[in-house]
Amino acid sequence: MSSVPEMTPEDLYEHIEAGEPVTVVDVRQPHEYEKWHIEGPSVETVNVPDRTLTQLDPAEVLADHPTETVVTVCGTGKISRESARHLRRADVDVRNLAGGMEAWADLSVYTELTTDADATVLQFRRPSSGCLAYLVVSGDEAAVIDPLSAFAREYVDVAADHGSELTYAVDTHVHADHVSGVRELGEHTDATAVVPAAAVDRGIDYDISYETIADGETLEVGNSTIAAIHTPGHTSGMTAYYVDEAVLLTGDGLFVDSVARPDLEAGADGAPEAAAQLYQSLQQRVLTLPDETLIAPGHHGTHAEPAADGSYTAPLRDVVERLDILSLPEEEFVEAVLADMPPRPANHTQLIATNLGQRDIPRQRALQLERGPNNCAATAD
């Protein structure tokens with residue numbers, strides 16, 4: 001039996017980031033595929049369950065799709081290996097994604113931002129969901145903002161690679177699409193866990209000591225300053241962090257390609273009031289900052305284009321020019337935000353309870369709950 005060449009998640013990510021045409025043949029069942037699959041501006045996907053695939057002419061499966069880079073995918077990479085062997089009978093250079101979607105979910109990459117900040121700011125990206133976290137390094141100290149539990153060890157290691165040690169692990173809000181790493185880092189490292197003061201009333205019940213940070217307060221990291229700016233709307237506790245008055249880590253308050261959705265905490269009934277609150281936060285707290293402020297969000301959409309440095313960031317002036325919704329009066333803003341919200345993040349109630357400290361779940365279960373698009377933006381447009 002001939003061997004099947006494999007592609008690592010890292011290699012697939014590089015192909016997608018480079019804008020190279022990629023055809024993904026996903027052999028999972030349709031309901032699994034619809035919940036979550038590999039996407040990107042240069043990606044075309046074909047969903048054909050493995051048993052169906054074996055009954056088809058390989059050339060028919062790939063008709064009308066680019067064949068420069070073809071990758072088969074399943075949950076763990078085992079079934080799709082046989083699918084790749086079947087497709088190779090048509091003399092197409094097909095590779096199997098090593099580890100499948102589980103390995104894709106475990107992939108994390110980072111980019112150093114080009115900024116005017118005194119600190120070095122690194123943006124960590126989880127390609128499978130678009131989740132973004134940040135490491136702020138100054139001298140021998142570092143702070144991680146919005147860490148994911150799945151990659152807690154990586155933040156510690158990368159900080160060490162930059163000659164620093166984590167002093168703070170900070171959240172912008174109570175997350176609804178992934179398990180926060182703040183508690184884990186606060187328990188197993190010397191980093192102090194920090195949450196927004198405005199988020200405590202939601203019922204935070206950590207089994208470790210933690211500190212709160214309120215609007216206008218600061219964290220000192222080496223020679224750099226991280227200032228808290230309370231920006232409620234997405235959640236009541238949503239807090240942005242202004243690094244050296246140059247980079248605004250907006251969490252889920254403002255993205256480079258959309259604004260936040262307002263219904264994950266308040267529900268559908270409370271969404272109009274939260275949307276009005278979001279309008280005030282953006283107009284009074286964010287859009288009043290200097291135009292050159294670099295907006296560094298907590299997520300990015302599937303079709304967001306990276307900046308020149310490879311990060312998913314943009315100067316505030318560019319975000320304002322890109323998003324017409326930011327120029328609307330309040331009533332029209334609220335109407336626009338509520339008009340086209342995507343489905344809520346999968347398993348968001350369980351993830352919120354976990355991030356409040358009200359329940360503990362094993363790592364493997366956490367990875368299962370996190371799978372799928374983040375859907376924290378009000379709209380993709």
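**View 1. Helices α9 and α11 cross in a right-handed way.** This is a predicted model, and the close-up picks out helix α9, residues 267-286, and helix α11, residues 330-339. Their axes come within 9 Å and cross at roughly 125 degrees. Angles over 145 degrees would count as roughly antiparallel and 65 to 115 as roughly perpendicular, so this pair falls into the oblique class. Who touches whom here? On the α9 side, look for A271, P272, A275, A276, L278, Y279, Q280 and L282. They meet E330, F333, V334, V337 and L338 of α11. If you wonder about the spacing of such names, remember that an α-helix has 3.6 residues a turn, so residues three or four places apart point the same way.

**View 2. Seven strands make an open sheet with mixed pairing.** Which strands sit at the edges? They are β6 (109-112) and β12 (211-213), and each of them pairs on one side only. Neighbouring strands of this sheet are turned by 25 degrees against each other on average, direction ignored.

**View 3. Strand β9 pairs with β8 and with β10.** With β8 (residues 131-138), the pairing is antiparallel and covers 5 bridges; look for Y134 standing opposite I145 of β9. With β10 (residues 165-170), strand β9 (residues 141-145) runs parallel, again through 5 bridges. A142 has L166 as its bridge partner in β10. To get from β9 to β10, the chain passes through helix α7 (residues 152-161), and this β-α-β crossover is right-handed.

**View 4. A142 is a buried residue of strand β9.** Leaving aside neighbours within four places in sequence, A142 touches L135, V136, V137, A159, S164, E165, L166, T167, Y168 and V221. For a sense of scale, Q123 is 19 residues away from A142 in sequence and 13 Å away in space, C-alpha to C-alpha.

**View 5. Strand β10 also runs parallel to β11.** The two are joined by 3 bridges, with β11 covering residues 192-196. Find V170 and you'll see its bridge partner in β11, V194. Together with helix α8 (residues 182-188), these strands make a right-handed β-α-β unit.

**View 6. Another open sheet has 5 strands, with parallel pairing.** The order this time is β1-β5-β4-β2-β3. Its edge strands are β1 (6-7) and β3 (43-47), each pairing on one side only. Inside the sheet, β4 and β5 run parallel and share 3 bridges; V70 pairs up with V94 of β5.

**View 7. Helix α5 packs its buried residues against several elements.** In this helix (residues 79-87), the buried ones are S80, S83, A84, R85, H86 and L87. What do they pack against? The list takes in strands β2 (22-26), β4 (70-73) and β5 (94-97), plus helices α3 (50-53) and α4 (58-61).

**View 8. D11 sits in helix α1.** This helix spans residues 9-17. D11 has 35% relative accessibility, so it counts as partly exposed. D340 is 329 residues from D11 in sequence and 35 Å from it in space, C-alpha to C-alpha.

Terms used:
Residues are numbered from 1 along each chain as its sequence is written. This is a predicted model: local features need pLDDT of at least 70, side-chain atom pairs count only at pLDDT 80 or more; totals for chains, interfaces and linings use all residues. Side-chain values use heavy atoms; hydrogens and water are left out. Two strands pair if DSSP finds at least two bridges between them. Helices (H or I, at least four residues) and strands (E, at least two) are DSSP runs, numbered from the N terminus. A crossover is right-handed if, with the strands pointing away from the viewer, the path from the first strand over the helix to the second runs clockwise. Buried means under 20% relative accessible area, exposed over 50%, partly exposed in between (1.4 Å probe, protein chains only). Contact means heavy atoms within 4.5 Å. Axes are lines fitted to C-alpha atoms, for helices over the stretch in contact, and angles run from 0 to 180 degrees between N-to-C directions. Angles under 35 degrees count as roughly parallel, over 145 as roughly antiparallel, 65 to 115 as roughly perpendicular and the rest as oblique. A crossing is left-handed if the near helix is turned anticlockwise from the far one by less than a right angle, and right-handed if clockwise.
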